[in-house]
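Hello! Please read them with the viewer open.

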Amino acid sequence: MTAPSKFENWLAHGWGIQVDTPTQLLKLISRIALLEQGRTYAWRGQNDASWDLSASLFREIRAEGGEVTEERVRNRELAILGEARTWGLGRDLGSSATDMHMLAVLQHHGVPTRLVDVTANPMTALWFATEEHRPSQDGFVRRSPGVMFAIDVTSTIWYETFQHIDAQTWAHMENPLVAGFANALEKSAKTRQMFRAFPALPDDRMRAQEGFFLGSAIPKRHKAPGVLGFNPVGPAPGAEKLDKLLATEKGQGRPDSLPFCAIVIPAAVKDALRNPLKRTYNRRRRVLFPDVDGFRDALLRNQLD
């Protein structure tokens, strides 16, 4: 297995571009969406541009040292699922409590999994990219550039987290809770592509955020520095073509496709976007986290809106 190239920053390897104004950012989002008819993008926002893009379980295993392999991730994943079921989670769902559904629920509640949270709505991703950091004990709120990711998922396989179908394989009949996710991982390893997982029973938060998940067998070679645990479907567009995409609506020099793009958002641009996101797009904490946990977190942050 080849170790990932060193991640310097999102602008260093032809996968990223920085915007300098809110207008540039909104223009770039629309240019990506309109670049090619028929493309589907997953969007994700992170409020610190120095962070890589990886699943929580990948980061946990990396922190222990050594190479993060599919075997290590799978062994830890199965152990977590076993403990969750021993705890009693999923009993009320019966045959719907598949591994994929359990992992989606666990990820949603902060348990480390290989799944990465994304959204179909770029304004939701932009809210997360511009979100204020949690205040320190003395009330200080750190400021940092954020980053927003556009990930082309058009050609990727998608699954619901559980499906009740008549035509099942022997594996499904022998072990219906395990077979679906195991099959998704097997196909991912064979095709070297990520897959999408849509919650079959989305709660209020998932519906509000228009959320779903990306998953993948851990690749033997990582193509994009900073993207860990899965690979974009295609080559890097390069800085010159990304600049051209922002500068012109049509014409030569723009990328033919955009497998992945990291949009770096300076702190001042984040500041300028928070009110428009709230007042024009209705992207605010109480809308995106419409549950008790969301209220508790907003109250503790002193970020009730």
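Which residues does F149 touch, not counting residues up to four places away in sequence? The first point takes this up.

1. **Around F149.** F149 touches W10, A42, W43, R44, Q46, L53, F260, C261 and A262, once residues up to four places away in sequence are left out. A contact here means heavy atoms within 4.5 Å.

2. **How to read the values.** This is a predicted model, in which local features need pLDDT of at least 70 and side-chain atom pairs count only at pLDDT 80 or more, while totals for chains, interfaces and linings use all residues. Residues are numbered from 1 along each chain as its sequence is written, and side-chain values use heavy atoms, with hydrogens and water left out.

3. **The nonpolar cores.** The largest nonpolar core holds 46 residues, and those with the most contacts inside it are W10, L53, F149, I151, L214 and F260. Helix α4 (residues 99-108) gives this core its largest share, five residues. A second, separate core has 25 residues, including V19, Y41, A129 and C261. As for the term, a nonpolar core is a set of buried Ala, Val, Leu, Ile, Met, Phe, Trp, Tyr and Cys residues joined through side-chain atoms within 4.5 Å. Buried stands for under 20% relative accessible area, exposed for over 50%, and partly exposed for what lies in between (1.4 Å probe, protein chains only).

4. **Helix α4.** How many of the ten residues of α4 are buried? Nine of them are, so the helix is mostly covered. The buried ones are D99, M100, H101, M102, L103, A104, L106, Q107 and H108. After α4 comes G110, whose phi is positive, near 90 degrees.

5. **Overall fold.** The chain has twelve helices and eight strands; these are DSSP runs numbered from the N terminus, with helices being H or I of at least four residues and strands E of at least two. For 305 residues, a compact globule would have a radius of gyration near 19 Å, and the chain agrees with its 20 Å. That radius is taken over C-alpha atoms, and the globule rule is 2.2 Å times the number of residues to the power 0.38. Along its principal axes, the C-alpha trace spans about 55 × 45 × 40 Å. Of the 305 residues in the chain, 47% are buried. Among contacts with a separation of 6 or more, 75% join residues 24 or more positions apart.

6. **S54.** Is S54 buried or exposed? S54 is buried, because its relative accessible area is 2%. This serine lies in the loop between β2 (41-46) and α2 (56-63). Leaving out residues up to four places away in sequence, S54 touches R59, R62, V116 and L228. S54 and F213 are 159 residues apart in sequence and 12 Å apart in space, C-alpha to C-alpha.

7. **F140.** The loop between α5 (122-130) and β4 (146-152) holds F140, which counts as exposed at 54% relative accessibility. Not counting residues up to four places away in sequence, F140 touches R134 and P135. The C-alpha atoms of F140 and K187 are 47 residues apart along the chain and separated by 47 Å.

8. **L11.** L11 sits in the segment before β1 (16-18) and counts as partly exposed, at 37% relative accessibility. L11 and A239 are 228 residues apart along the chain, yet their C-alpha atoms are separated by 7.7 Å.

9. **Two backbone angles to look at.** Most residues other than glycine have a negative phi. R192 has a positive phi, near 60 degrees; R192 is in the loop between α7 (176-191) and β6 (195-198) and is exposed, with a relative accessible area of 73%. N302 also has a positive phi near 60 degrees, lies in the segment after α12 (292-301) and counts as exposed at 69% relative accessibility.
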